[in-house]
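Visitor: Could you take me through the terms used for this model, and set each value against its definition?

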Amino acid sequence: MTRRTGRRPGKPGTREAILDAARSAFAERGFDAASIRGIAGTAEVDPALVHHYFGSKDQLFLAAMNFPFDPGQLVPKVLAGDRDAVGERLVRTFLGIWDSPVGSAAQALLRSAVSNEWTARLLREFVTTQVLRRVLENLDVDPAELPLRGSLVATQMIGLAMMRHVVRLEPVASADPETLVAAIGPTIQRYLIDPLPT
């Protein structure tokens, strides 16, 4: 009889307990202030077990959000290429996700955020820390302007998702994605890199 080696698995329900603790921490304190150690303490597990199940804090956040894609894999594609076309690539990537079958999870999250403050906080943290910050920090703009620039971009992107997939306002709801890229991309580009009004 051989003895099993390696880490002992957590108790049944450990993974869900960690996710519950993470959702609360991210909603109450935000992504930056929430810590793996604090989440582990709330879940009453060793921090190493959190890493065992989820790897990094970013991966734990994505699992807690139950989001269908990893921005860490998509943002480099948005940033690759001409800096003057980042706005168009961001809109094109955004529509590619939201218009695809995996976009249904994002749409459900958006609908929930409208009526649930807890979900709204999680969505706000996701958009801010996982998407917009990653894009803006690579565009060589004044760090003091990042919060305003990110918020302005979010107004357009979340507004687009709301009108296209929740309210279903025509002709936006059925418009060809490239039509929307051409119409909205320049506005996003302006928010990303053009001088802000004083």
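Guide: We can begin with R168, which is found in the loop between α9 and α10, where helices are DSSP runs of H or I with at least four residues, numbered from the N terminus. The model is predicted, so local features need pLDDT of at least 70 and side-chain atom pairs count only at pLDDT 80 or more, while totals for chains, interfaces and linings use all residues. Residues are numbered from 1 along each chain as its sequence is written, and side-chain values use heavy atoms, with hydrogens and water left out.

Visitor: Why is R168 called partly exposed?

Guide: The relative accessible area of R168 is 46%, and the scale, computed with a 1.4 Å probe on protein chains only, counts under 20% as buried, over 50% as exposed and what lies in between as partly exposed; R168 is therefore partly exposed.

Visitor: What makes the phi of R168 worth a remark?

Guide: The phi of R168 is positive, near 60°, in a residue other than glycine. Most residues other than glycine have a negative phi, and most peptide bonds are trans. In the loop between α9 and α10 there is also P171, and the peptide bond from E170 to P171 is cis, with omega near 5°.

Visitor: Why does E44 count as exposed?

Guide: E44 has a relative accessibility of 73%, and therefore counts as exposed. E44 lies in the loop between α2 and α3, and, although not a glycine, has a positive phi of about 60°.

Visitor: How do you know that I18 is buried?

Guide: I18, which lies in helix α1, has a relative accessible area of 0%, and is therefore buried. Once the neighbours within four places in sequence are left aside, I18 is in contact (heavy atoms within 4.5 Å) with I39, A43, V45, L49, V50, Y53, F54 and L60.

Visitor: Why are Y53 and F54 called a tilted pair?

Guide: The ring centres of Y53 and F54 are 6.2 Å apart and their planes stand at 45°. Rings of Phe, Tyr and Trp (its six-membered ring) pair if their centres lie within 6.5 Å, with planes under 30 degrees apart stacked, over 60 edge-to-face and the rest tilted, so this pair is tilted. The structure holds 3 aromatic pairs. At 26% relative accessibility Y53 counts as partly exposed, whereas F54, at 8%, is buried.

Visitor: Which residues of helix α4 are buried, and what covers them?

Guide: In α4, which spans residues 57-65, the buried residues are L60, F61, L62, A64 and M65. Their cover includes α1, α2, α3, α5, α7 and α8. After α4 comes N66, whose phi is positive, near 60°.

Visitor: How is the packing of α6 and α9 described?

Guide: Two packed helices are described by the angle between their axes and the distance between the axes. For α6 (residues 86-98) and α9 (residues 146-166) the angle is about 35° and the axes are 11 Å apart, where axes are lines fitted to C-alpha atoms over the stretch in contact and angles run from 0 to 180 degrees between N-to-C directions. The contact is made by L90, V91, F94, L95 and W98 of α6 and V153, M157, L160, A161, R164 and H165 of α9.

Note on methods
Helices (H or I, at least four residues) and strands (E, at least two) are DSSP runs, numbered from the N terminus.
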